[in-house]
Amino acid sequence: MKIKFWEYMGRLKPKGMQSTVMLAFSLISVSIMLVLGVVMYMKFSALSQREMIQDTETLMEQTRERLEEYLIAMRQISDTVYYNVIKENDLSSQDNKIQQGMNIIYEANRSHLRSIAIYNDYGSLMAAEPVASQKEDPDVIHQSWFEKAMEAIENTHFSTPHIQNLFDDAIRRYYWVISLSRVVDFTDRGTPMSGVLLVDMDFSGVSRMLRRINSNTSDTGQYYYLCDSNGEIIYHKKQMQISNGSFHENNIAAAAYKDGVYGEKFGGEHRKLIIKTVSYTGWKLVGVIPESTFTQGMFDIRYFIIMIILLMAMMLAVINRVVSVKISSPILKLNDSVREYEAGEKPEIYIGGSQEIRHLGHSIQRSYEQIDRLMQEIVKEQNERRKSELDALQSQINPHFLYNALDSITWMVEGERNDDAVFMISELAKLFRISLSRGQTVIRVQDELQHAKSYMNIQKIRYKNAFTVIFDVDPAVYTYCSVKLVLQPLLENAISYGVSSMDDSGEIRVEAQKQGERIILSVADNGLGMSEEEAELVLTDSDRIHKHGSGVGLINVNNRIQMLFGKEYGLVVESEPDEGTTVSICIPAVPYTDENRRILEKGHMFGADAINNREKQDK
Amino acid sequence: MMLNSKGLFIIIEFALASMIIVLAFIMVREQSGKDRPRISVIIPDPDASRWSAFRYGLKMAAEDQGVEVFVVSTGDILTLEEEINMIRNEADNGVDALILQPVPGEDAVRKLKEASKKIPIMLVGDPASEDGEKSQIPVTCPDDYHMGKALAEEVLRDFNGNVKGKALGIVAQNEDSVETVRRKKGFEDVMKGKGARISWNVCVSCEETDHNLLENQSKTDLVIALDDVSLTRAGECVMAKDLHGALVYGIGNSTEAVYYLDTGMVKCLLVPDEFDRGYQSLTESAKNLGLYSHSMKGKILSFTVLRRKELFTKKNQEIILTMSQ
């Protein structure tokens, strides 16, 4: 499956130059943008985290200051009550100055205060403001604020929030307070005594401050809480959830930290803790920023960066496309012109584009021109060579035959057979006239037959009419083209191998007819004939030793025909021992015109197609 | 397959354009923000202090779950028709879920079942009829029968198990409510065979007749208050010395109830976890809205036994804190 997928992907890869350039540009662009995007995001993320932590620290610093102000105010109330009221007056004085003083202070600060009370060291209530009935046996001396005050008499103690359990409230409510307690000396009826001064602060003042800073962060997961130096929670927005176990807080560990920013993993989540210690109390104000808060804040930036990357990628794709087209277009045009050239057309090679591509175009064009020139030279050389071979072949005929003919004429003149000699010379003249044919290679079939007749007439005289010659010719073939002197070697062979050794019964039959699109010229003798194997060798074995004749073999005739008309034409040899031999010349039926002649004389390679096209046009 | 340059260009542009459209859609959706689910709460006399802890639980759960919660303003006593009308109105107003205290009645189960087909409902009281028909609607409430038994066990503990000859008066807000019936049953099952006798039963929310006034009841050794309304009523009577010195044991969840315990007017107080009732019911409803795979589940709530002596322990102070919100 995986292999198939990669095979499929492999097939998908672009193969065109333009696609490759564009894809490469696009990949590089996208990679650069991705790297830029990631770097930007990380930079933004780090910046955002730093800012968020700084903002949180600032907010917490302000809250700590407010808390400290609040606690200082409470402490000042306690100091004022103690130094200005209690120390200055007697509890049992007639004018009840302590009660009045406590009342004034309470009324001035009632928004923060729940009560002010003085207890002696046995836990008995000596004075309280507001005046309220004390609960039945509140067990004061075992309440923690009292115990702590008595433990360290020189200090002022802040308790953790608790329900005030001292006075009977008429509206049947319970109040959360933070108790500030200290040991005080007072005078009752002139007797110095010691006891505990209790200032109960309304916890709502503290909880309001923390609720306010928590309210803005409820959607982000960030929150703040307050605990004492032992980790006991003073305020937490999820105090009840912590209590019933549905939420957990790492408050004990947080209480052990000094002021600063810390990273921790709690409840499977990484988070930042910011710690601020509140003076006088040792309370810890803790800010918690879960990791998810940072990422949540980065969502917008993340989307924004991705959007910019995508838009830039789109733009770059367009630019890449334009650039790749610009770069590759001249090369593609050059390639197209080369392809057209290869397909057989002969367009101008494209010259354009940059200097290098223009140079390439010029080079290719020069190369093609050179190839053309070389080809023409090669063809010309081939033709010349072929022509010279042909001429050589033709020239092989003349000396041998001329010698025999002249020998016969000599013989006739010596024997005073002047008429025969005249006839012989006349036929020889015709023979040579046609042989020469103004140097033409292709002649009419009629001329070729005339040449054959002249030749046979000469030969018959030489062989003293030892054989008969019959010409059976269809006159329709006269006007078609033939290769010059192709019948003569056939007749020469027919005489030499066929009928020369026979007595008067030898017969050579020359036929000419048109069969379809072909002209068939055949020479048949009733001589000795030959076996099938020998007949096959006639056209293939050029090294055979000729027993008789001019030495111009049938192979030469066959080659000449094929040179001019093509391999599908030539000689066909049919022979039966003691029956005779028939050699047929098969050539195309090409009407004899000067133009056809010229075309055919160029050779089969160059002439056949041209003749065919002409014939088609004629039709 | 050979990609030509133009084809590749079109594919790349098309892919990028598609991604931009998808991203833009996500960004617009994120910016427009999803409306918070809204959950309405229908309870009788919702401003009463006995619901303070419950309301606090709702508030905390709403913050945790990110939902908006509305407590529907109702009268002291709700009838079934009123409650069904309110459910219909809230559903029409587009709230996503309802939390309600079912009104006792013959048709309550059937009608609530019908209503729950239109809108998810979480009950904070059991509406099961006396014949035991269940609503199939999730319920978050304490085990009333078990609370009744626990109350009786506290009485027996104080009397070392010997309550023979003791006269009892039982007081409840509504004699017919499933809650009262079960608590009373639990109480009576434990007290059965112990020699105590029930002198009277009083319904404090019924029509004010001589029969229904606590002050007019005969002297008993013990008064058993089965709910917060009846307990505070009994506490008031003790304070006014109208109960002829009877010791009051009861179930309550208001600061008044705690006050009467604190001042000795009530001997023992069982406090159901009302904070958890609010917190759990809303949390379950919100989860049901947010998660398709989540099916709402009810919960049996715990309760705490409060005695005057241990009233201000740290744990108990937290209970009082929830009532004081």
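A salt bridge is taken here as a side-chain nitrogen of Lys or Arg within 4 Å of a carboxyl oxygen of Asp or Glu. In this predicted model, local features need pLDDT of at least 70 and side-chain atom pairs count only at pLDDT 80 or more, whereas totals for chains, interfaces and linings use all residues. Residues are numbered from 1 along each chain as its sequence is written, and side-chain values use heavy atoms, with hydrogens and water left out.

Between chain B and chain A the count is two salt bridges; in one of the interactions of this kind, the side chains of B:Asp64 and A:Lys238 meet at 3.1 Å, N to O. The side of chain B that touches chain A draws at least two residues from each of α1 (5-32), α2 (52-65), α7 (228-239), α8 (255-262), α9 (274-290) and α10 (314-323) of chain B, helices being DSSP runs of H or I with at least four residues, numbered from the N terminus. Of these, α1(B) gives the most, with 15 residues. In total, 45 residues of chain B are in contact with 41 residues of chain A, contact meaning heavy atoms within 4.5 Å.

Technical notes: Chains are lettered from A and ligands numbered from 1 in the order in which they are written.
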